[in-house]
Amino acid sequence: MDKTTFYDTNTGQIVGNGIGSIIAAGSSGIIEGYYDAATFYISDGKAVERPVMPIVASASSIKADGKAESIISGIPVGVTCDHEGTSTVMTDTSIDFTAEHPGTYTFSFSKFPYVPVTITIEATS
């Protein structure tokens with residue numbers, strides 16, 4: 001039996017894998033071969049590697065004084081940023097981050113078909 005990959009024909013996002021021939025319904029498509037959803041998506045009927053966002057932080061550790069900063073840059077416009085329970089669709093390509101309190105601060109960026117990125121900044125006293 002052949003391995004197959006199922007995907008959403010509207011977005012190209014892989015929704016599952018299987019063995020054999022199963023008829024996909026609705027907006028599901030099917031291609032031959034096994035493709036990992038974390039690494040691939042389907043474009044024009046072919047498996048393509050998901051692009052990596054070029055997001056970087058200028059510093060992974062800063063002083064928690066409200067002045068020292070880490071600049072997170074390379075953010076594609078339209079990407080969703082999750083930080084401290086808040087989701088924001090980015091209209092800028094960078095974040096100038098400062099902290100007044102020591103702690104670990106996490107920024108998670110996502111937008112399909114990009115591979116999600118997590119940036120962690122440690123603020124120390």
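Predicted model: local features only at pLDDT ≥ 70, side-chain atom pairs only at ≥ 80, totals over all residues.
**Exercise 1.** Classify the pair formed by the rings of Phe 97 and Tyr 105, and determine whether each of the two residues is buried or exposed.

*Solution.* The ring centres of Phe 97 and Tyr 105 are 5.1 Å apart, and the planes meet at 55°. Planes under 30 degrees apart would count as stacked and those over 60 as edge-to-face; the pair is therefore tilted, given its angle of 55°. For burial, the cut-off is under 20% relative accessible area. Phe 97 has 8% relative accessibility, so this residue counts as buried. Tyr 105 has 13% and therefore counts as buried.

**Exercise 2.** Classify the pair of Phe 97 and Phe 107, and locate its two members in the secondary structure.

*Solution.* The centre-to-centre distance between Phe 97 and Phe 107 is 5.1 Å, with 80° between the planes, and the pair is edge-to-face. Phe 97 belongs to strand β11 (residues 94-97) and Phe 107 to strand β12 (residues 103-110). The two residues are 10 residues apart, and their pair links distant parts of the chain. The relative accessible area of Phe 107 is 3%, so Phe 107 is buried. Taken together, Phe 97, Tyr 105 and Phe 107 form one aromatic cluster.

**Exercise 3.** Describe the surroundings of His 83: which residues does His 83 touch, and which backbone oxygen lies 3.0 Å from a polar atom of its side chain?

*Solution.* His 83 is located in strand β9, which covers residues 80-83. Its relative accessibility is 18%; His 83 therefore counts as buried. Leaving aside residues up to four places away in sequence, His 83 touches Phe 97, Tyr 105, Thr 106 and Phe 107. The backbone oxygen in question is that of Thr 106, 3.0 Å from a polar atom of the His 83 side chain. Among the residues touched by His 83 are Phe 97, Tyr 105 and Phe 107, the three that form one aromatic cluster.

Technical notes: Residues numbered from 1 in each chain as written. Heavy atoms only, no water. Phe/Tyr/Trp six-rings, centres within 6.5 Å; stacked < 30°, edge-to-face > 60°. Buried < 20%, exposed > 50% of the residue type's maximum accessible area, 1.4 Å probe, protein only. Helix = DSSP H or I, 4+ residues; strand = E, 2+ residues; numbered from the N terminus. Polar contact = N/O pair within 3.5 Å; in protein donor to acceptor, adjacent residues only side chain to side chain. Contact = heavy atoms within 4.5 Å.
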